[in-house]
Each structure stands twice: as structure tokens, then as C-alpha cells.
Amino acid sequence: MAADDPDVRARAAGYASRVDTLTASCLYRPDLAAVLVRPESITAWAADAGAQASTAGLAEALEEWSGVPVGAVTPG
């Protein structure tokens, strides 16, 4: 995951053992604030800078591709 947004980094913190987080920029998409890339190089989630809810959908994408976060309480 490439992100320089503190909210995005906080959301991804529970996946630190499964998801690498780094800061990067994209020459062709300067408005891109964060991107979650699957192991086969397919974008699972992305957000533009200044988006109203930059983490919208990120929790779902992280859980779908990386399971539940460390420390999560699951029913059952």
C-alpha cells in the first residue's frame, strides 16, 4: 500500500504483518493519495487526495484481501 495519509496508515496498521505501507508518488496521477495493490499487481482500492472520505472502502478491501486485522474481535 502506498499512502502518506495518517488515516489510511492508521487503518492499515492492523495489517502490518501482511501489508507493506510506503510513501510514493505517481507522475501520471499526482492527485492519487493512496492505493492498495494486490500481490499480482492489481489495484484493490485507491483514493484521490482531498476526497471527502479517503478511507471509504479501505477497511473492506483490506479485509477481503488480507483477512481480519491483528487484534480484531470476531464473533463466535
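**Entry 1: one leucine.** I began with leucine 58 and looked up its neighbours: leaving aside residues up to four places away in sequence, leucine 58 touches Met1, Val8, Arg11, Leu36 and Trp45. A reminder to myself: this is a predicted model. Leucine 58 and tryptophan 45 are 13 residues apart in sequence, with their C-alpha atoms 6.4 Å apart.

Entry 2: I found an open sheet of three strands, in the order 1-2-3, with antiparallel pairing. Which strands are at the edges? They are strand 1 (2-3) and strand 3 (43-48), and each of them pairs on one side only. I looked up how many bridges join strand 2 (residues 32-37) to strand 3, and there are five, in the antiparallel sense. For valine 35, I noted alanine 46 in strand 3 as the bridge partner.

**Entry 3: a helix on the sheet.** Helix 2 (residues 58-66) packs on this sheet and touches strand 2 and strand 3. I wrote down the angle too: the direction of helix 2 makes about 160° with that of strand 3.

**Entry 4: rings.** Last, I searched for aromatic pairs and counted zero in the structure. One ring still gave me something to note: the charged end of arginine 38 sits over the ring of tryptophan 65, 3.9 Å from its centre.

Notes:
Residues numbered from 1 in each chain as written. Predicted model: local features only at pLDDT ≥ 70, side-chain atom pairs only at ≥ 80, totals over all residues. Heavy atoms only, no water. Phe/Tyr/Trp six-rings, centres within 6.5 Å; stacked < 30°, edge-to-face > 60°. Lys NZ or Arg CZ within 6 Å of the ring centre and 35° of its normal. Pairing = 2+ DSSP bridges. Helix = DSSP H or I, 4+ residues; strand = E, 2+ residues; numbered from the N terminus. Contact = heavy atoms within 4.5 Å. Axes fitted to C-alpha atoms, helices over the stretch in contact; angles between N-to-C directions.
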